[in-house]
Amino acid sequence: MNLSAPLADVIPGARGQLLTTLVQLEAPVTVRALARHAEVAPQTALSVVNDLADAGLVFMQRAGQAQLVTLNRSHVLAEPLIELARTRARLIEMLRSELAGWAGLAGAWLFGSAARGGGDRESDLDILLVASTTPEAAAWGDATGRLVNQVQSWTGNQAQLVEHSRGSFALLIRDGNRLIAAIREEGIPLTQGSQSLLRMST
Amino acid sequence: MSPRPPRPERPRGAASRAPATLADARAQLRDAEVFLDAAASVEDPDVVAAHAIRAAVAAADAVCCVALRERSVDGSGLTAVELLGRVDPKLSAALRRALDRQTQAAYESREISVSDARMCLRQAEILLDAARARVLSV
């Protein structure tokens, strides 16, 4: 899956980029501004927007010289598009739901390009797991194996797991490890207690 | 009657809003989370409210970065209220409620009460939820 633009896997090219941006924008914008935000050529944007307006998916209104556009959120296709555009949030919810059932998990974060909103089909999903005691137990091994398979099945991307015990995690914090800096800067907590774990270990 | 506190001023010609990117949205969300964390970790109602209001403004900016690709830069929160009103009037009202407590406390030269501080925290949480929902999708 293209982690930075999941909708592009379903609707490739300028149309997908424009629809993604239209879903995100919650106030009318000029076609030129829409093109800039979607990183599409203005002429291409105008052509796609006209076509989407013909389909009733986009409202167009004149404001002086400019043409303002906005997504028609009551269109029957709007809701599926909004759901597609929030694929990344849904993936995070799925990870949280999976990890909520894990015994012996003290904390977990998504980090790396997927957490920064970047990444593509080749990118790994970097996940930091902190075990309450030691990540050596057989049940832990089964759970991590299942997680790797699930991520592959959900996204087509590989999961790259970084595993620590509470103790080794505390040492990383004490030593000012780069991983901790990355987690603080960009990490998305995947369990309830993750952020407090980051605080308590300091 | 207490003297009127000075209105927050902007240097002449300074912009109150600026273009924003999705990276700005993530940074604002991160700031909002840090401020809310700080608000939850102290007891003095004045300090709780101050952190909560900063969290609320940062979360509002995160929402606007995604939804408008614009954010407030005047630091007073008033532009954030106005911008947020274009996205969702309920969120704008939540931010205004939090900012009003700060203004009220300043005008009446009194400390913020525990219930005022809790109210600011609640508004910040509402705004943070809205910001998370948008930023995690992009």
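Six bridges join strand β4 (residues 105-111) of chain A to strand β5 (residues 125-131) of chain A, and the two run antiparallel; strands are DSSP runs of E with at least two residues, helices are runs of H or I with at least four, and both are numbered from the N terminus. Two strands are taken to pair if DSSP finds at least two bridges between them. In this pairing Leu110(A) stands opposite Ile127(A) of β5(A). β4(A) is also joined by two bridges to strand β7 (residues 188-189) of chain A, again in the antiparallel sense, and here Leu110(A) stands opposite Ile188(A). Seven of the seven residues of β4(A) are buried, that is, under 20% relative accessible area, with exposed meaning over 50% and partly exposed in between (1.4 Å probe, protein chains only).

The model is predicted, with local features requiring pLDDT of at least 70 and side-chain atom pairs pLDDT 80 or more, whereas totals for chains, interfaces and linings use all residues. Residues are numbered from 1 along each chain as its sequence is written, chains are lettered from A and ligands numbered from 1 in the order in which they are written, and side-chain values use heavy atoms, without hydrogens and water.

A domain assignment, automatic or from a database, divides chain A into domain 1 (7-84) and domain 2 (87-197). The C-alpha centres of these two domains of chain A lie 35 Å apart.

Three strands of chain A form an open antiparallel sheet in the order β1-β3-β2. Because β1 (29-30) and β2 (58-63) of chain A each have a single partner strand, they stand at the edges, and one side of each is left without a neighbour in the sheet. Two bridges connect β1(A) with strand β3 (residues 66-71) of chain A, and Val29(A) has Val69(A) as its bridge partner in β3(A). Helix α4 (residues 42-54) of chain A packs on this sheet, touching β2 and β3 of chain A, and its direction makes about 115 degrees with that of β2(A). Contact means heavy atoms within 4.5 Å; axes are lines fitted to C-alpha atoms, for helices over the stretch in contact, with angles from 0 to 180 degrees between N-to-C directions.

The largest nonpolar core has 47 residues, and Val63(B), Leu84(B), Leu95(B) and Leu127(B) have the most contacts inside it. Such a core is a set of buried Ala, Val, Leu, Ile, Met, Phe, Trp, Tyr and Cys residues joined through side-chain atoms within 4.5 Å. Two or more residues each come from α1 (22-40), α2 (45-67), α3 (78-87), α4 (89-107) and α5 (114-135) of chain B, with the largest share, 16 residues, from α2(B). Another core, of 26 residues, lies apart from it and includes Trp102(A), Leu110(A), Ala115(A) and Val151(A).
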